2 protein chains.
Amino acid sequence: MNEAIQEVTDGTATRLISAGIQLFAERGYDGTTVRAVTRRAGANLGAITYHFGTKDEFYEAVVTEVVDPSREFLASAVGTEGSPLDRIERFVRGVFEYLRLRPEFPRLVMQHFAGARPLPDAFRRVIQANARTLLGLIEQGQRDGSIRSGDPRLMTPSIISQPMYITLARQIIQEGLGIDYGDPDAWAGLVDAVVDFVRAGLASQQEGTS
Amino acid sequence: MNEAIQEVTDGTATRLISAGIQLFAERGYDGTTVRAVTRRAGANLGAITYHFGTKDEFYEAVVTEVVDPSREFLASAVGTEGSPLDRIERFVRGVFEYLRLRPEFPRLVMQHFAGARPLPDAFRRVIQANARTLLGLIEQGQRDGSIRSGDPRLMTPSIISQPMYITLARQIIQEGLGIDYGDPDAWAGLVDAVVDFVRAGLASQQEGTS
DNA sequence: AATAATTTCATACAAACGTAGGAAGTCATA
DNA sequence: TATGACTTCCTACGTTTGTATGAAATTATT
């Protein structure tokens with residue numbers, strides 16, 4: 001069977017990847033056993049060895065599956081039209097939306113940030129590509145006067161940190177602040193609040209925040 | 001020997017805690033073995049069982065040691081004098097400073113956020129206490145007109161997220177943006193940038209950002 | 001229908017894991 | 001110095017880990 005086709009069928013390899021995405025995100029690399037993955041995928045213990053070789057190679061495949069779609073998603077969210085601040089707003093909303101659809105993404109990334117395990121290149125590429133996008137938009141806004149002065153390199157982490165952290169800290173934010181992420185209105189309010197904060201944090205004095 | 005005194009001597013138990021802080025932060029709970037901890041502490045394999053009982057109980061002791069000093073540290077950083085925005089600035093700088101001194105703190109917290117392992121109560125208490133501090137300052141600033149309108153509960157995550165994420169994402173920020181955290185000037189610039197961003201994000205229109 | 005390629009399955013193995021238990025050692029109190 | 005409490009050390013145990021192997025089953029090709 002052709003390997004490229006196999007990827008999109010829901011054969012054993014695909015079911016293994018799905019199970020791996022869930023389990024690695026929930027329990028981390030060391031907390032996830034090949035036995036747990038194969039069991040959840042309804043496959044035999046030897047399935048990972050056969051289809052992917054080692055646990056490490058399997059993990060790489062899982063990461064690729066999680067990371068790959070994000071670039072196109074965010075690029076189309078940002079678009080090419082509109083003012084820099086508007087496009088930054090769409091960037092922030094796009095990140096929130098992607099993380100909502102794929103909550104495993106920030107979990108896997110943060111497992112690498114938190115631990116010492118090196119970040120896979122797939123993650124590195126996506127994160128840096130998005131940082132550059134943001135950087136370009138900030139510089140553009142500074143040129144046209146809509147964004148306040150300041151080193152744009154130092155502004156991008158402030159922006160990216162918010163959707164990442166807020167998505168991850170879901171549980172404690174729910175408990176501590178009484179915000180129900182499950183409620184669409186509450187979620188929209190949270191996203192809007194971040195957008196407002198980012199716009200206010202970037203805008204030059206004469207500009208409004210919305 | 002009295003247990004309360006034992007805590008502050010650099011006996012075996014203390015060396016085990018120090019080794020545990022490092023290793024749990026670097027490798028996570030599952031990635032850290034009692035053999036690795038006892039080896040790094042220069043202790044015998046049985047030392048954890050003897051002093052703490054199980055690996056889980058030992059982990060709780062490690063977390064307590066990391067979390068405990070943070071409350072006092074931050075409370076004194078915020079102080080009781082000054083305008084709400086000034087105290088929020090000192091809060092942000094205090095968080096950055098604590099995370100710089102104890103990089104294990106955000107790592108351990110994020111390992112829980114990222115994974116499914118429940119957050120120890122010690123962490124929960126500290127995080128919620130700080131969120132309430134911030135909440136109170138924002139409300140105060142809204143009352144005296146120095147902080148813009150908006151739900152203050154939704155503003156606190158935007159603030160806390162920045163030092164947490166930026167501390168953790170150190171490596172990729174260094175690579176991607178060419179900022180050397182080791183250079184004191186670069187570090188100070190990064191902290192100042194976040195402070196500027198937070199002040200700008202919170203301030204009401206008529207107020208300046210610094 | 002027969003052969004070849006692919007995939008699944010059961011089983012095995014060495015290594016590493018957390019924990020237990022008793023012997024050996026150390027230390028303070030008398 | 002002798003007694004008792006505390007701490008360290010060594011060894012061992014039952015599990016669980018990732019991976020390998022070869023037979024069975026399935027699927028594709030001729």
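**Exercise 1.** Determine in which helix of chain A I159(A) lies, and whether I159(A) is buried or exposed.

*Solution.* The model is predicted; local features need pLDDT of at least 70, side-chain atom pairs count only at pLDDT 80 or more, and totals for chains, interfaces and linings use all residues. Residues are numbered from 1 along each chain as its sequence is written, while chains are lettered from A and ligands numbered from 1 in the order in which they are written.

Next, apply the criterion: a residue is buried if 20 or more other C-beta atoms, placed from the backbone, lie within 10 Å of its own, exposed if 12 or fewer, and partly exposed in between. I159(A) has 25 such atoms within 10 Å, and therefore it is buried.

**Exercise 2.** Identify the residues that I159(A) touches, not counting residues up to four places away in sequence.

*Solution.* Contact requires C-beta atoms, placed from the backbone, within 7 Å. By this criterion I159(A) touches V92(A), L134(A) and V198(A). As a further step, consider A200(A): it is 41 residues from I159(A) in sequence and 11 Å away in space, C-alpha to C-alpha.

**Exercise 3.** Describe the contact between chain A and chain B.

*Solution.* First, count the residues: chain A gives 45 and chain B gives 45. Then name the elements: among those of chain A that each supply at least two residues to the side touching chain B are helix 8 (121-143), helix 9 (156-168) and helix 11 (184-202).

Methods. Contact = placed C-beta atoms within 7 Å. Helix = DSSP H or I, 4+ residues; strand = E, 2+ residues; numbered from the N terminus.
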